[in-house]
Amino acid sequence: MKTVITFGTFDVFHVGHLKILQRAKLLGDRLVVGVSSDALNIRKKGRPPVYSEKDRMGIVAGLKCVDAVFLEESLEQKADYIRRVGADMLVMGDDWAGKFDSFSFLCEVVYFPRTPSVSTTSIIEVIRLREV
């Protein structure tokens, strides 16, 4: 059985998130997703997520293409997460291209192109502008 792993915040879930997860699932038998904790998101992006880690994990876990979800609490533990789930492949969006090549000794690393014109940051900005 081939296991694929990916990571993300998955805040303000949108079609781009869905597409990368569906495409990742097609590459293996099992898709495991690490959802960034609230604290990790604040460290990475300098802001709390719109939805709590519990809600984001619930949304991702509810997708038929996802087999398992866990809370990612540290960027420095990615290798441990890959080992823990026995991943054969790591899939990330190409906005991270090259940043995870160092894990190629553990598993195959694949970068998917992002869905054009879709980003959580731009969606949040549109919502903020509508509130003004």
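Helices (H or I, at least four residues) and strands (E, at least two) are here DSSP runs, numbered from the N terminus. The model is a predicted one, in which local features need pLDDT of at least 70 and side-chain atom pairs count only at pLDDT 80 or more, whereas totals for chains, interfaces and linings use all residues. Residues are numbered from 1 along each chain as its sequence is written, and side-chain values use heavy atoms, with hydrogens and water left out.

A place to begin is the loop between β1 (3-8) and α1 (15-26), where Phe-10 is found. Phe-10 is not a glycine, and yet its phi is positive, at about 55 degrees. The side of the question that concerns burial needs a scale: buried means under 20% relative accessible area, exposed over 50%, and partly exposed in between, with a 1.4 Å probe and protein chains only. With a relative accessible area of 5%, Phe-10 is buried. Val-12 belongs to the loop between β1 and α1, and it too is a residue other than glycine with a positive phi, near 50 degrees. Val-12 counts as buried, at 14% relative accessibility.

Leaving aside residues up to four places away in sequence, Val-35 touches Gly-8, Thr-9, Phe-10, Arg-56, Met-57, Val-60, Val-69, Phe-70, Leu-71 and Glu-72, where contact means heavy atoms within 4.5 Å. The C-alpha atom of Val-35 is separated by 7.4 Å from that of Glu-53, which is 18 residues away along the chain.

Which strand is largely enclosed by the rest of the structure? It is β4 (residues 89-93), because 5 of its 5 residues are buried. Both of its faces are covered, with Met-89, Val-91 and Gly-93 buried on one side and Leu-90 and Met-92 buried on the other. Strand pairing here requires that DSSP finds at least two bridges between two strands. β4 runs parallel to β1, to which 2 bridges join it, and Ile-5 stands opposite Leu-90. β4 also runs parallel to strand β5 (residues 108-112), and this pair is joined by 5 bridges, with Val-110 in β5 as the bridge partner of Val-91.

The aromatic side chains come next. Rings of Phe, Tyr and Trp (its six-membered ring) pair if their centres lie within 6.5 Å, and planes under 30 degrees apart count as stacked, over 60 as edge-to-face and the rest as tilted. By this rule there are 6 aromatic pairs. Trp-96 and Phe-100 form a tilted one, at 5.5 Å centre to centre with 50 degrees between the planes. Phe-100 is buried, with a relative accessible area of 9%, whereas Trp-96 is partly exposed, at 32%. Phe-100 and Phe-103 have ring centres 6.1 Å apart and planes at 25 degrees, so this pair is stacked; Phe-103 counts as buried at 13% relative accessibility. Elsewhere, Phe-7, Phe-70 and Tyr-81 form one aromatic cluster.

A charge sits over a ring if NZ of Lys or CZ of Arg is within 6 Å of the ring centre and within 35 degrees of the ring normal. Lys-78 lies over the face of Phe-7, at 3.9 Å from the ring centre, and the charged end of Arg-23 sits over the ring of Phe-112, 3.9 Å from its centre.
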